[in-house]
Amino acid sequence: MSDAWATLDHTIAKYISKKRDELRKGIKSNEEDGVDLLTSYLSEDEIMGLKCDDKFLRDTILNFMIAGRDTTSSALTWFLWLVSTHPVVEAKIREELESVIPEQEGNKWRLFNIEEVSKLVYLHSAICESLRLYPSVPFQHKEPLNPDTLPSGHRVHPRMKVLFSLYAMGRMEFVWGEDCAEFKPERWISERGTIKHEPSYKFLSFNAGPRTCLGKEVAFTQMKTVAAAIIHNYRVRVVEGHPG
């Protein structure tokens, strides 16, 4: 871990230094691509009372690398595996995708924009169901700042680390019902055909309450656009006999 930590620090430092040189020389990124996050931070000495020094920039970049990339790729990997092994779910997603494609386009290769994927209730539900069974962060730990008593009656103190498994909680009958082991996107759809809201303390894939992931909606949009493109344009199949 120490070696990996040093490698990450060194790599990120190079990007920060490179960007500082570009800004000093007046080199600008393509205006069509917009301003990247690092440039935004470097353009301000202080943002919301936070000093944008190299340590702050390093920690921010590392956070985005881990929270904004690895979690999404892990979620998509499990989602595509589940869809490829559940033909009925795959057929329903394809049918829903076809419903938002203009008739004149036919069934040609295409990508889906944000407005189109925002209408895909079944796809959104299938991703939620995948995250319930295979959360990108399978377990978390918390430490209380002060002595406290949990609703269960257990006493906790600042020197205690409370560990809980999101993976296990997604498979508990008393939380999700007798069919908790099934991949069933329909559980996320209301009688009106809209996305059914589940409390964050029940569906913890994006943390809960005040600590809910700030990038939750962005992550859903990313996953839906990628998932829609792959399922519409390709047929993903698991290699037979491959160890799961």
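Tutor: In this predicted model, contact means that heavy atoms lie within 4.5 Å.

Student: Which helices are included in what covers the buried residues of α6?

Tutor: Helix α6 is mostly covered, with 12 of its 13 residues buried. The buried residues include Tyr122, His124, Cys128 and Arg132. What covers the buried residues of α6 includes α3 (54-84), α4 (87-99), α7 (166-169), α8 (173-176) and α9 (216-233).

Student: How far apart are the end C-alpha atoms of helix α6, and what span should its 13 residues have?

Tutor: Helix α6 covers residues 121-133, and at 1.5 Å a residue its 13 residues should span 18 Å.

Student: Is Thr39 buried or exposed?

Tutor: Thr39 belongs to helix α2, residues 37-42. Leaving aside residues up to four places away in sequence, Thr39 touches Lys19 and Leu23. A residue counts as buried under 20% relative accessible area. Thr39 has a relative accessible area of 12%, so its class is buried.

Student: What kind of aromatic pair do Tyr41 and Phe56 form?

Tutor: A search of the whole structure finds eight aromatic pairs. In the pair of Tyr41 and Phe56, the ring centres are 5.3 Å apart and the planes stand at 80°. This pair links distant parts of the chain, with Tyr41 in helix α2 and Phe56 in helix α3, 15 residues apart. Because planes over 60 degrees apart count in this class, the pair is edge-to-face.

Student: What is the angle between the planes of Trp176 and Trp188?

Tutor: Trp176 lies in helix α8 and Trp188 in the loop between α8 and α9, 12 residues apart. The two form a tilted aromatic pair, 5.6 Å centre to centre, and the angle between the planes is 45°.

Student: Which residue lies over the face of Trp176?

Tutor: The ring of Trp176 takes part in the tilted pair with Trp188. Over the face of Trp176, at 4.4 Å from the ring centre, lies Lys202.

Student: Which residue has its charged end over the ring of Tyr167?

Tutor: Tyr167 forms one aromatic cluster with Trp78, Trp81 and Tyr134. The charged end that sits over the ring of Tyr167, 3.9 Å from its centre, belongs to Arg171.

Terms used. Residues are numbered from 1 along each chain as its sequence is written. This is a predicted model: local features need pLDDT of at least 70, side-chain atom pairs count only at pLDDT 80 or more; totals for chains, interfaces and linings use all residues. Side-chain values use heavy atoms; hydrogens and water are left out. Helices (H or I, at least four residues) and strands (E, at least two) are DSSP runs, numbered from the N terminus. The expected span of a helix is 1.5 Å times one less than its number of residues. Buried means under 20% relative accessible area, exposed over 50%, partly exposed in between (1.4 Å probe, protein chains only). Rings of Phe, Tyr and Trp (its six-membered ring) pair if their centres lie within 6.5 Å; planes under 30 degrees apart count as stacked, over 60 as edge-to-face and the rest as tilted. A charge sits over a ring if NZ of Lys or CZ of Arg is within 6 Å of the ring centre and within 35 degrees of the ring normal.
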